[in-house]
Amino acid sequence: RAILNRVREDLTESAIGKRPSEEIGLRAYKAYRAYLDAKAHKYPVHVVIPYFYTTVETKLARMMSKLFGGGPYLYYQPRGRTKARQAELLTASFEYHFNERRPMLEIRDNLKTAMFFGTSYATTSWREEWKWVNQWVDSTTEEEFEVDPVTGETMSVPVTVQEERTELRKTIDNAWFDNVPFPDAFPDFKRPTVREGRYWARRIYGDREYVKDQIRSLRWKKNVAMQLLDCSKPFLVSGEYDAGAVTTASYRWAEEVGHTLSAGNDDDLRDGKLFEIIEHWSPAGVCVVVNRSFVVAADDNPYQHGRYPVLQYKNKSLPGEHYGLSDYEVVEKLYYHMQDMANANGTEALMSAFPPILARDGAVDITQLVYYPGAVWKFNGDKDIQNFERPSSGIEATGQQMSQAKMAIDDTLGTSEAFRGMANPRATATATTQATQSAGIRIEDDIANFEEQFTIELGDQYRSLIQQYQRKDITIRLSEDPQ
């Protein structure tokens, strides 16, 4: 009971603290997908310039090319002459496990999450996975056959045939890291970093087969987990730390912008087909709570490094604060101003190309002022029909405002046209070179920030995992051939 109360209190506290960052992230996600809420739109022209998508992809492309541009992703530095060979072996071991993970997509998603929310998380572990594998193996048998038809003498010779066999094989045995979706991360936000926190928790979802796997692998207490499988009590999806939903972040967001129909995840949770699993870490150790009611595991920290197995990256650090600054947060108002000016500009162009006609009638009905090409607005006047004349066009003014907003966003995020590989016909070669170099300095700083926060900590935790869990045959093979 004490464990359950502690976990619930920590999750509730964390959910309240991260809510502002989560809301910013959702708005950033919508801007990235160029989502348009037609009901809230105030212009006849409905367009979205996907400029936040452009800035994010520009930064990502530059950062990924630098991080994975060539050579090992990470080097271990020797401390003393006798440690040189050990550092070389650790570097080879890291590359072996890191590449087994196929890390580029995970690193890319981690960076993108930080650009949306301001902060991203990943967990490290030693991952083992067993699978039943069908394979063909050689089998030797003896077969008699007649040699001489006259004498009838026979002799036995060995014959090799292939047989299909099924065997349990370890398919993964590596140091590993996985991103944690921001809504499923529950850090102690009152501390500047996860490492200093009083607790860390993450939420995942598993089906009944996942629960059975945990029982078979002896990771969970069998008697408690069996109660979970046999329990007919429905899982209530409402709760203080749900932030309104229990479905996974990507599913919930995609549904909100209209790209995914409801798949009944909540019903699966209620019906016992899907389980909410909380992994909660504290200095005292780690525990696993399922459906907020079953403590299926509680143990000491299994890792020799003794830390929370978590990596944290802040997009832009703020002194003394746990959450970093999102790219979207600092340009949000500029982004919406640019969209307003783009739609106002389009509306001006539409009215210039298809001017409305004023037709004599009673008092003007305000609902008629919703414009569309070829519109007729009724009015009181001397003439039966006349063209609608406006004192001036706002196309130039709105165009200038839109360009200024774009420039301000580029200046803020360091994603100028020159840095995107687009030449400004009005700029000199010197100005273009200077703009590219200036943006490059900003990206270099972002990369150094990521390496300091994420990569170095990843290397430290991988080193400890390798020393604790790596098989001797792998160590021997890597030491003989570091490549």
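So, the protein chain has 12 helices and 11 strands; those are DSSP runs, H or I of at least four residues for helices and E of at least two for strands, numbered from the N terminus. Keep in mind this is a predicted model, where local features need pLDDT of at least 70, side-chain atom pairs count only at pLDDT 80 or more, and totals for chains, interfaces and linings use all residues. Residues are numbered from 1 along each chain as its sequence is written, and side-chain values use heavy atoms, with hydrogens and water left out.

Of the 483 residues in the chain, 42% are buried. Buried here is under 20% relative accessible area, exposed is over 50%, and partly exposed is in between, with a 1.4 Å probe and protein chains only.

Now the inside. The largest nonpolar core has 61 residues, and the ones touching the most other members are Phe 52, Ile 107, Leu 111, Tyr 121, Trp 200 and Phe 454. Helix H11, residues 429–469, gives the most to this core, with 8 residues. There's also a second, separate core of 14 residues, including Val 211 and Leu 228. By core I mean buried Ala, Val, Leu, Ile, Met, Phe, Trp, Tyr and Cys residues joined through side-chain atoms within 4.5 Å.

Let's zoom in on Thr 55. Is Thr 55 buried or exposed? Thr 55 counts as buried because its relative accessibility is 1%. Thr 55 sits in helix H2, residues 51–67, and its side chain reaches the backbone oxygen of Phe 52 at 2.9 Å. Leaving out residues up to four places away in sequence, Thr 55 touches Ile 409, Asp 410, Leu 413 and Thr 415, where contact means heavy atoms within 4.5 Å.

Next, backbone angles. Most residues other than glycine have a negative phi. Ala 34 is not a glycine, yet has a positive phi of about 55°. You'll find Ala 34 in the loop between helix H1 (2–32) and H2, and at 29% relative accessible area Ala 34 is partly exposed. Asn 291 also has a positive phi of about 55° and isn't a glycine. Asn 291 is in the loop between strand E6 (285–290) and strand E7 (294–299), but Asn 291 is buried, with a relative accessible area of 12%.

Trp 130 lies in strand E1, residues 119–146, and counts as partly exposed because its relative accessibility is 47%.

Notes:
Polar contact = N/O pair within 3.5 Å; in protein donor to acceptor, adjacent residues only side chain to side chain.
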